[in-house]
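Subject: Structure handover

Hi,

Here is the structure for you to look over. My notes follow below it.

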Amino acid sequence: MQYSLQLNGKAHSVEAEPGTPLLWVIRDELKLTGTKFGCGVASCGACTVHLDGEPVRSCQTFIEDVGDSQVTTIEGLESKEAAAVQQAWVELDVVQCGYCQSGQVMSAVGLLKENPKPSVAEIDEYMWGNACRCATYQRIRAGVQRASEIMEG
């Protein structure tokens, strides 16, 4: 079937079978590989994208359910929150292997849009579903805190 998709501010027409996860449309059809495949069951967060500004797991979001929603991937992420997260990640050298980081960044931006000054407990709760095999959770938490400070300043 043919689907229209609003991705990173541009209209795309894609061919996909109903039931195809948005992740595979983004990666295989549109060749944007920043969104990663991790587990395939929405448990790790590596595939996180924004759907109308809200973080969702693209491995369990089906192409036919996207409709007219705006999809944003790590490649199209632009906002004051995104700039602050990117700056904080670099300042604090948050990344180790990096595989999970696009999902971590997408979730961190979603959190800061909802709550620009989250507590440690709120960060931990919001980011809980994002798995990091390198266990850089303390650096990720510090990165979100630093991004919040950057946004204030």
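Which residues point one way from strand β3 (residues 48-51), and which the other way? T48 and H50 go one way. V49 and L51 go the other. All four are buried. Please keep in mind that this is a predicted model.

**Strands around β3**

β3 pairs with strand β4 (residues 54-57) in the antiparallel sense. That pairing runs over four bridges. T48 has R57 as its bridge partner in β4.

H50 has T72 as its bridge partner in β5.

I74 lies in the loop between β5 (70-72) and α3 (80-91). Its relative accessible area is 21%. Buried means under 20%, so I74 counts as partly exposed. Leaving aside neighbours within four places in sequence, I74 is in contact with G34, T35, S102, V105 and M106. The C-alpha atoms of I74 and G103 are separated by 8.1 Å. Along the chain, I74 and G103 are 29 residues apart.

S102 belongs to helix α4 (residues 101-114). S102 has a relative accessible area of 10% and is therefore buried. With neighbours within four places in sequence left aside, the contacts of S102 are G34, T35, K36, A46 and I74. So G34 and T35 are in contact with I74 and also with S102, going by the 4.5 Å limit on heavy atoms. The C-alpha atoms of S102 and T35 are separated by 6.3 Å. Those residues, S102 and T35, are 67 residues apart along the chain.

**Cysteines**

How many disulfides does the rule give? The count comes to zero. C59 is in no disulfide. For C59, the nearest cysteine sulfur is that of C47, 3.7 Å away. A disulfide needs sulfur atoms within 2.5 Å. C59 is buried, with a relative accessible area of 7%.

C100 is at 9% relative accessibility, so it counts as buried.

**The largest pocket**

Rolling a probe the size of a water molecule over the atoms shows where empty space is left. The largest pocket holds about 170 Å³ of space. What lines the largest pocket? The lining is F37, G38, C39, C44, A46, C97, Y99, C100, A131, C132 and R133. By class, the lining residues are nine nonpolar, one polar and one charged. C100 and C132 from the cysteine notes are both in this lining. A46, also in the lining, is one of the contacts of S102.

Best wishes

Definitions and conventions
Residues numbered from 1 in each chain as written. Predicted model: local features only at pLDDT ≥ 70, side-chain atom pairs only at ≥ 80, totals over all residues. Heavy atoms only, no water. 1 Å grid on protein atoms, 1.4 Å probe; cavity = no way out; pocket = protein on both sides within 12 Å on 5 of 7 lines; lining within 4 Å. Points joined across faces, edges and corners; volume = space filled by probe spheres on them. Nonpolar A, V, L, I, M, F, W, Y, C, P; charged D, E, K, R; others polar. Helix = DSSP H or I, 4+ residues; strand = E, 2+ residues; numbered from the N terminus. Buried < 20%, exposed > 50% of the residue type's maximum accessible area, 1.4 Å probe, protein only. Pairing = 2+ DSSP bridges.
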